[in-house]
Amino acid sequence: YGCATHSTKQDHSPPQSLEERCQQLSHVLVSGDMAAFYDMLEPAYRKNVARDEFLRKRRNVRFLGVTIKSIDIDPSGEKATVHELQDFNALGFVFKGGIFTRYWIKIDNVWYLYIDPNWSKKFGMDVPPPTSTPRSTQ
């Protein structure tokens, strides 16, 4: 009897912690890799904004450094608030130590950046809210 084997490569590495995802985001921002940034956005946003459309948008900000100040994970373990200190260049002006808050949601054991639809509308990116809305733990 012959045995046919079918091998599929699967990633059995453990999921990234939120801290690891935040560090990854910091690297992505400083490197200016907007394709990698897009991949970190929640699926609801990516469903409504195509990668090509996202990458075509002009950005007038260049990140010089991002430091995670605090990570607050909701008791559900599915939502989080992250505070960052950012150094960036915007329109030729350098800003140091700006405090920025990001919201994250966990979907299928992967942390994604949550895009607030109200914030998005201000910038002409009308997207529906995700299935769950982060809330502040403060």
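How many of the 12 residues of strand 2 are buried? Select residues 79-90 to find out. In this predicted model, 10 of the 12 are buried, and strand 2 is mostly covered. Keep strand 2 highlighted, as several stops on this tour return to it.

**Stop 1: the whole chain**

Zoom out and show the protein chain as a cartoon. It has 138 residues, and 31% of them are buried. Count the elements: 5 helices and 4 strands. Trace the chain along its sequence and the order reads α-α-α-α-β-β-β-β-α. Consider next the contacts between residues at least 6 apart in sequence. Of these, 50% join residues at least 24 apart.

**Stop 2: colour by confidence**

Colour the chain by pLDDT. The mean is 81, and 74% of the residues reach 70 or more. Select residues 1-11. Here pLDDT stays under 50, and the model has 0 contacts beyond four places in sequence for this stretch. Then select residues 122-138. The pLDDT is below 50 there too, but this stretch has 35 contacts in the model beyond near neighbours in sequence. Where pLDDT is low, the predicted coordinates should not be read in detail.

**Stop 3**

Which residue of strand 2 is the bridge partner of Val61? Show side chains and look across: the partner is Ala90. Move on to Phe63, which stands opposite Phe88 in strand 2. Now follow the chain from strand 1 into strand 2. The two form a hairpin with 5 residues between them. Pick Gly77 in the turn: Gly77 has a positive phi of about 75°.

**Stop 4: strand 2 against strand 3**

Select residues 93-107 for strand 3. Strand 3 pairs with strand 2 in the antiparallel sense, over 11 bridges. Click Leu85 and look opposite, where Ile99 sits in strand 3. Strand 2 and strand 3 also make a hairpin, with 2 residues between the strands. Leu91 in this hairpin takes a positive phi near 55°.

**Stop 5**

Centre on Phe95, which lies in strand 3. Why does Phe95 count as partly exposed? Its relative accessible area is 39%, and the partly exposed class runs between the 20% limit for buried and the 50% limit for exposed.

**Stop 6: Arg51 in helix 4**

Move to residues 51-56, which make up helix 4, and pick Arg51. Arg51 is partly exposed, because its relative accessibility is 31%. What does Arg51 touch, leaving aside neighbours within four places in sequence? Arg51 is in contact with Ala35, Tyr38 and Asp39. Draw a distance from Arg51 to Ala35, C-alpha to C-alpha. The two residues are 7.5 Å apart in space and 16 residues apart in sequence.

**Last look**

Key. Residues numbered from 1 in each chain as written. Predicted model: local features only at pLDDT ≥ 70, side-chain atom pairs only at ≥ 80, totals over all residues. Heavy atoms only, no water. Buried < 20%, exposed > 50% of the residue type's maximum accessible area, 1.4 Å probe, protein only. Contact = heavy atoms within 4.5 Å. pLDDT = per-residue confidence, 0-100. Pairing = 2+ DSSP bridges.
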